[in-house]
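Here is a briefing on one protein chain, grouped by topic. Please keep the sequence and the 3D view open while reading.

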Amino acid sequence: MHKLQQQNFVKYMMDISERKATEFGNVPIIRLEMKWRTEKNKTDYGVFAIRHMETYKGNGLRNWDSKFVPENEKQTQKRQLKKARQLYAFKIISSHLNCLRGTMQQEIDETISRI
């Protein structure tokens, strides 16, 4: 978690519990050494965050497999990230909780009909 993310989370927590917000604000940020960790990819942090929430089971790094390959396998990781973005976009758009689902589906249908 970057410092800015931590600060925003602390602001959010202030509405819930000032004590907890202060605790979170004082926690040091530690960047884990995951085998799929990237140095150059600055755009897919949301995809990684969602995948991490889906795959992390609390058993530490040794037993954690996000199914992403290391960054040095550039083309494979690129394909994996593209597929994950498509999957997550579909889930968001098609969710019954999405109050704009109908409008979005209509726009998608119109776009597809023009192709």
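Does His52 count as buried or exposed? His52 counts as buried, because its relative accessibility is 18% (buried means under 20% relative accessible area, exposed over 50%, and partly exposed in between, with a 1.4 Å probe and protein chains only). This is a predicted model, in which local features need pLDDT of at least 70 and side-chain atom pairs count only at pLDDT 80 or more, while totals for chains, interfaces and linings use all residues. Residues are numbered from 1 along each chain as its sequence is written, and side-chain values use heavy atoms, with hydrogens and water left out.

**His52 and Trp36**

- His52 sits in helix 3, residues 45-55 (helices are DSSP runs of H or I with at least four residues, strands are E runs of at least two, and both are numbered from the N terminus).
- The side chains of His52 and Trp36 are joined by a polar contact of 2.9 Å (a pair of N or O atoms within 3.5 Å; within protein, one must be able to donate a hydrogen and the other to accept it, and residues adjacent in sequence count only if both atoms are side-chain atoms).
- Beyond its neighbours within four places in sequence, His52 is in contact with Met34, Trp36, Trp64 and Ser66 (contact means heavy atoms within 4.5 Å).

**Nonpolar core**

- The largest nonpolar core has 9 residues: Met34, Trp36, Val47, Phe48, Trp64, Phe68, Leu81, Ala84 and Tyr88 (a core is a set of buried Ala, Val, Leu, Ile, Met, Phe, Trp, Tyr and Cys residues joined through side-chain atoms within 4.5 Å).
- Helix 3 and helix 4 (74-94) are the elements that give two or more residues to this core.
- Helix 4 supplies the largest share, 3 residues.
- In soluble globular proteins, nonpolar side chains tend to be buried together.

**Second largest pocket**

- The second largest pocket holds about 200 Å³ of space (a pocket is an open set of points on a 1 Å grid over the protein atoms alone, where a 1.4 Å probe fits, with protein on both sides within 12 Å along at least five of seven lines; the volume is the space filled by probe spheres set on the points, which are joined across faces, edges and corners).
- Its lining is Lys40, Asn41, Glu71, Lys74, Gln77, Lys78 and Leu81 (lining residues have an atom within 4 Å of a point).
- By class, this lining has 1 nonpolar, 2 polar and 4 charged residues (Ala, Val, Leu, Ile, Met, Phe, Trp, Tyr, Cys and Pro count as nonpolar, Asp, Glu, Lys and Arg as charged, and the others, Gly among them, as polar).

**Loop residues**

- Lys67 lies in the loop between helix 3 and helix 4.
- Its phi is near 75°, a positive value in a residue other than glycine.
- Most residues other than glycine have a negative phi.
- Lys67 counts as exposed because its relative accessibility is 56%.
- Glu39 belongs to the loop between helix 2 and helix 3, and its relative accessible area of 48% makes Glu39 partly exposed.
- Not counting residues up to four places away in sequence, Glu39 touches Arg31 and Glu71.
- Glu39 and Glu71 are 32 residues apart along the chain, and their C-alpha atoms are separated by 7.9 Å.

- Asn98 is in the loop between helix 4 and helix 5 (101-114).
- Asn98 is buried, because its relative accessible area is 16%.
- Its side chain reaches two backbone oxygens: that of Ile92 at 3.2 Å and that of Ile93 at 3.3 Å.
- Ile92 is part of helix 4 and is exposed, with a relative accessible area of 54%.

**Glu23**

- Glu23 is in helix 2, residues 18-25, and is partly exposed at a relative accessible area of 38%.
- A polar contact of 2.6 Å links the side chains of Glu23 and Arg19.
- Glu23 and Val10 are 13 residues apart in sequence and 8.8 Å apart in space, C-alpha to C-alpha.
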